[in-house]
Amino acid sequence: MQRGSLVDWIAVDWGTSRLRAWAMSDGKVHAQAESDDGMRGLTRDRFEPTLLSLVEPWLTAQSTPVVACGMVGARQGWVEAPYQTVPIKPLSATPVPVPQGDPRLAAYVIAGLKQTTPPDVMRGEETQIAGFLALNPNWDGVICLPGTHTKWAQVSAGEVVSFQTCMTGELFALLSTQSVLSHSIAQKGWDAGKFEDGLADALSRPERLATRLFSVRSRDLLEAAPKEGARAYLSGLLIGAELAATRAYWLGQNLAVIGSREVTEHYAQALSLQGAPAVIADADRMTLAGLIEAYRSLKETV
């Protein structure tokens, strides 16, 4: 999109490590941009100039609305968007306005969700859930959102009723790169059979997870087990332990998995092996659909 082109508004997904933006006009994406300037590396006074460096070619002298989701609304973010308590529709709260800075921007941040018993929180996933529900009206069931911290959200009548977080993605990253297992695990490659072996071992005896984990190292030292297989086995172990812990959520439910292609396929495969088929939805598409819903609601209130 050329400088000076008319943009209705800008959609932003601002996470811990990444910043993504879409120039929206007539309900369609006309340009997009991204950077590694996540919330983690910014002080509060750096959010506006960081965003401007990415979207300035889309701006004119007029004030352009910006609707942002993700960790940008955390306590350490651009502005704190207080959590909304479930059960609740995921975008019920009016996005929080960012204090006026550059007159070319009118920025708003979407609130995350919280659960008081047991305590839990989410930021960003609520927008993906809202996007999925906007594209799948009257859908009830459980949505799995795998990632660094995987969410399992129970949805009914358009509301997030409850949710649960599992640190599976972070555990995989730490174990495969910073633990003793890192010497035995390839950083790329896959073995579908070993993934299924890991799933089966964890689901049948989840209490033996710690022992199964060290077997990854033992097999490498004593049997020279292929490192690509070890990577898949570790993933299977951790996802299997997660499925065992969340069985009450997904068993007998309509299921959807929202995420990147590779990780959603692994989760969908794991669920399918348990007789629980799931619909797969692309995370980027759901995020943008949720941001569009937030912008529509915002126009009705401001």
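This is a predicted model: local features need pLDDT of at least 70, side-chain atom pairs count only at pLDDT 80 or more; totals for chains, interfaces and linings use all residues.

Student: How do α3 and α6 run relative to each other?

Tutor: α3 and α6 are roughly antiparallel. Their axes come within 10 Å and cross at roughly 150°. Angles under 35 degrees count as roughly parallel, over 145 as roughly antiparallel, 65 to 115 as roughly perpendicular and the rest as oblique. Axes are lines fitted to C-alpha atoms, for helices over the stretch in contact, and angles run from 0 to 180 degrees between N-to-C directions.

Student: Which residues are α3 and α6?

Tutor: α3 covers residues 168–178, and α6 covers residues 227–245. Helices (H or I, at least four residues) and strands (E, at least two) are DSSP runs, numbered from the N terminus.

Student: Which residues make the contact?

Tutor: From α3 come T168, L171, F172, L175 and S176. From α6 come R231, L234, S235, L238, I239 and E242. Contact means heavy atoms within 4.5 Å.

Student: And by class, what does the contact of α3 with α6 have?

Tutor: It has 6 nonpolar, 3 polar and 2 charged residues. Ala, Val, Leu, Ile, Met, Phe, Trp, Tyr, Cys and Pro count as nonpolar, Asp, Glu, Lys and Arg as charged, and the others, Gly among them, as polar.

Student: At what angle do α6 and α8 pack?

Tutor: At about 55°, with the axes 11 Å apart. α6 and α8 are therefore oblique to each other. α8 is residues 261–273. I239, E242 and L243 in α6 meet H266, Y267, A270 and L271 in α8. That contact divides into 5 nonpolar, 1 polar and 1 charged.

Student: How do α4 and α6 cross?

Tutor: The axes of α4 (residues 192–204) and α6 come within 6 Å and cross at roughly 35°. The crossing is right-handed. Residues in the contact include F195, G198 and L199 of α4, and A232, G236 and I239 of α6. Its residues divide into 11 nonpolar, 5 polar and 3 charged.

Student: New topic, sheets. What is the strand order in the open sheet of 6 strands?

Tutor: The order is β3-β2-β1-β4-β7-β6, with mixed pairing. Two strands pair if DSSP finds at least two bridges between them. The edge strands are β3 (28–35) and β6 (96–97), and each pairs on one side only.

Student: Which way do β1 and β2 run, parallel or antiparallel?

Tutor: Antiparallel, with 6 bridges joining β1 (residues 9–14) to β2 (residues 19–25). They form a hairpin with 4 residues between them.

Student: How many residues of β1 are buried?

Tutor: 6 of the 6 residues are buried, so β1 is largely enclosed by the rest of the structure. W9, A11 and D13 lie on one side, and I10, V12 and W14 on the other. Buried means under 20% relative accessible area, exposed over 50%, partly exposed in between (1.4 Å probe, protein chains only).

Student: Is G27 buried or exposed?

Tutor: G27 counts as exposed because its relative accessibility is 60%. G27 is found in the loop between β2 and β3.

Student: Last one. What order do the strands take in the open sheet of 5 strands?

Tutor: They go β12-β11-β10-β13-β14, and the pairing is mixed. β12 (159–166) and β14 (279–282) stand at the edges with a single partner strand each, so one side of each is left without a neighbour in the sheet. The twist averages 20° from one strand to the next.

Definitions and conventions
Residues are numbered from 1 along each chain as its sequence is written. Side-chain values use heavy atoms; hydrogens and water are left out. A crossing is left-handed if the near helix is turned anticlockwise from the far one by less than a right angle, and right-handed if clockwise.
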